[in-house]
Amino acid sequence: MWRPPERIKWKPAPGRWPTREEAERSMLFSPVEIGPLRLESRTWVPAMVPWRATEEGFVTDENLEWYERFARGRPGAIVVEATGIRDIPSGPLLRIGHDRFVPGLRELVQTVRRASGGRTRLLIQVIDFLAVRRRPEPGKFFARYLEIQPWLRARLGAEDWPEERVRATLAELPEDELARVLETRELEALRYGYRERVTDMDLAHVRALPAVLPDLFAGAARRAQAAGFDGVELHYAHAYTMASFLSRLNDRPDGYGGARESRVRLPLEVFRRVRETVGAAFPVGCRFLAEECVDGGNTIEDTAFFGVEFARAGMDFLSLSRGGKFDDAKQPAIGWAAYPYTGPSGYECMPQYVSDARGPFGRNVEPSAAIRMAVRAAGFATPVVVTGGVHGFEQAEALLREEKADIVGLARQSLADPDWFEKVRTGHGDEVMVCEYTNYCEALDQKHEQVTCQLWDRKGLDAPGVRRTRDGKRRLVPAVWRAPRG
């Protein structure tokens with residue numbers, strides 16, 4: 001992952017922990033409504049992908065144990081990981097693109113309800129993504145994947161050469177010559193792996209996205225409702241399809257790109273189709289970016305506009321993240337796919353303890369607060385979920401009291417200690433395992449390995465019933481915490 005050049009080492013600063021009585025009087029542990037749904041507290045576990053589903057996208061026992069462990073901490077809401085809306089293979093990610101996935105998802109809902117005593121609400125994040133392929137071996141790229149076009153022959157001076165000679169010649173060219181001969185996207189496919197974009201209007205299935213996606217998202221939401229989820233979060237963030245439609249870099253000429261009003265058109269059409277399908281009694285919101293953090297990408301002016309339009313359309317909540325784009329991702333090793341959290345924008349999404357003068361905590365707060373302010377100024381009370389480096393009670397409470405957030409999300413901190421919520425609520429905050437922001441978890445995610453935390457994954461490995469990672473070296477969930485008596 002990219003690191004800021006300053007290389008300043010920061011330490012988490014959770015501040016003073018509240019007594020039980022102070023927690024009970026706090027805003028953080030007060031109820032809030034997201035549309036028709038009441039949360040017991042303003043605490044939120046954002047979607048995180050733990051890589052525990054089957055290769056076909058079905059719920060496993062490891063998924064159940066993962067979400068059960070978070071539910072024991074009794075946050076106000078948990079959002080289940082990004083779950084694919086298409087009925088296509090996508091590796092060990094949960095899927096919801098067919099009715100056959102519903103029974104497993106229903107069991108997941110029931111597991112969370114049992115573990116939380118019915119106090120935690122469960123939503124599911126639904127996502128679409130376009131094709132991303134691994135960085136190829138150069139020999140295979142030139143021998144099999146590259147299309148030999150007439151203009152390419154002309155640039156080589158090889159109009160009359162047999163194709164085999166053209167391919168062999170290209171494979172021997174130095175980097176500077178390849179940059180002269182190949183098109184930008186061909187060079188990208190060679191150096192980073194092929195990646196589709198929403199602006200690839202030469203591809204029929206990309207042109208058809210505005211016609212196809214509303215029904216795909218609506219079908220996913222219908223299945224989520226049938227499985228018993230309390231609501232759905234539309235994934236409009238980071239490097240994926242819907243965020244790409246929102247991006248200022250989207251210049252589609254078909255009325256779905258260019259001006260802000262056109263870029264927000266499909267996200268609104270998707271939401272409206274979902275709402276028509278599930279009805280007003282089923283909460284629907286979205287996660288989108290407060291800032292894209294890439295050259296030419298969306299800034300606060302764009303995203304405040306989107307936030308107001310989402311609120312105007314009737315979304316029940318807005319959850320805000322930042323960065324995490326393919327545009328500035330680090331070049332992957334041969335045989336690996338590009339990962340959208342390895343460049344500067346990825347750092348903005350998941351900043352590490354080695355940071356710049358701004359530090360890794362709260363980088364998303366002020367942009368998110370600006371969007372919330374724009375929504376309020378437009379006359380809407382839509383709850384806004386703010387995330388990013390929150391690990392202490394005082395931090396979270398200040399966000400609420402200063403009206404910078406309505407709900408506070410804790411991702412890496414809840415991974416470090418799923419009992420954060422219960423410990424703080426019951427006056428045992430001094431027992432919290434505080435996230436150190438080393439991004440140990442992010443490194444595992446990048447390699448598509450089962451995600452764990454270094455604060456607990458090597459402890460008590462030999463305890464009875466401990467489920468381990470596939471290599472047998474790490475436990476999959478932290479040990480159960482029990483509040484001290486007295």
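Modeller: What follows goes through the salt bridges, then one aspartate, and then the cysteines. Please keep in mind that this is a predicted model, and that every value below was computed from it.

Side chains of opposite charge can pair when their charged atoms come close. In this model the count comes to 45 salt bridges, and a few of them can be described one by one. Arg191 and Glu175 form a salt bridge in which the closest N and O atoms are 2.8 Å apart. Because Arg191 lies in helix H8 (residues 184-191) and Glu175 in helix H7 (residues 175-181), the pair ties together parts that are 16 residues apart in sequence. Arg191 is partly exposed, at 25% relative accessibility, and Glu175 also counts as partly exposed, at 46%.

Another salt bridge brings together the side chains of Arg372 and Asp406, at 2.9 Å from N to O. This pair links distant parts of the chain, 34 residues apart, with Arg372 in helix H16 (residues 365-377) and Asp406 in the loop between helix H17 (393-401) and strand S12 (407-409). Both Arg372 and Asp406 are buried.

A further salt bridge joins Glu402 to Lys404, with 3.5 Å between the closest N and O atoms, and Glu402 is partly exposed, with a relative accessible area of 48%. Elsewhere, salt bridges that share partners join Glu291, Arg322, Glu348, Asp356, Arg358 and Arg363 into one network.

Asp230 deserves a separate description, and its place is in the loop between helix H10 (209-227) and strand S7 (231-236). Asp230 is buried, with a relative accessible area of 10%, and its side chain makes a polar contact of 3.4 Å with the side chain of Arg113. Leaving aside neighbours within four places in sequence, the residues in contact with Asp230 include Leu37, Thr120, Arg121, Leu122, Phe282 and Pro283, as well as Arg113.

As for the cysteines, the count comes to zero disulfides, where a disulfide would need a pair of cysteine sulfur atoms within 2.5 Å. The sulfur of Cys435 has its closest cysteine sulfur in Cys453, and because the two are 6.4 Å apart, they are too far for a bond. For Cys441 the closest cysteine sulfur is that of Cys435, at 6.4 Å, which is likewise too far for a bond. Cys435 counts as buried, at 8% relative accessibility, and Cys441 is buried too, with a relative accessible area of 15%.

Definitions and conventions. Residues numbered from 1 in each chain as written. Predicted model: local features only at pLDDT ≥ 70, side-chain atom pairs only at ≥ 80, totals over all residues. Heavy atoms only, no water. Buried < 20%, exposed > 50% of the residue type's maximum accessible area, 1.4 Å probe, protein only. Helix = DSSP H or I, 4+ residues; strand = E, 2+ residues; numbered from the N terminus. Polar contact = N/O pair within 3.5 Å; in protein donor to acceptor, adjacent residues only side chain to side chain. Contact = heavy atoms within 4.5 Å. Salt bridge = Lys/Arg side-chain N within 4 Å of Asp/Glu carboxyl O.
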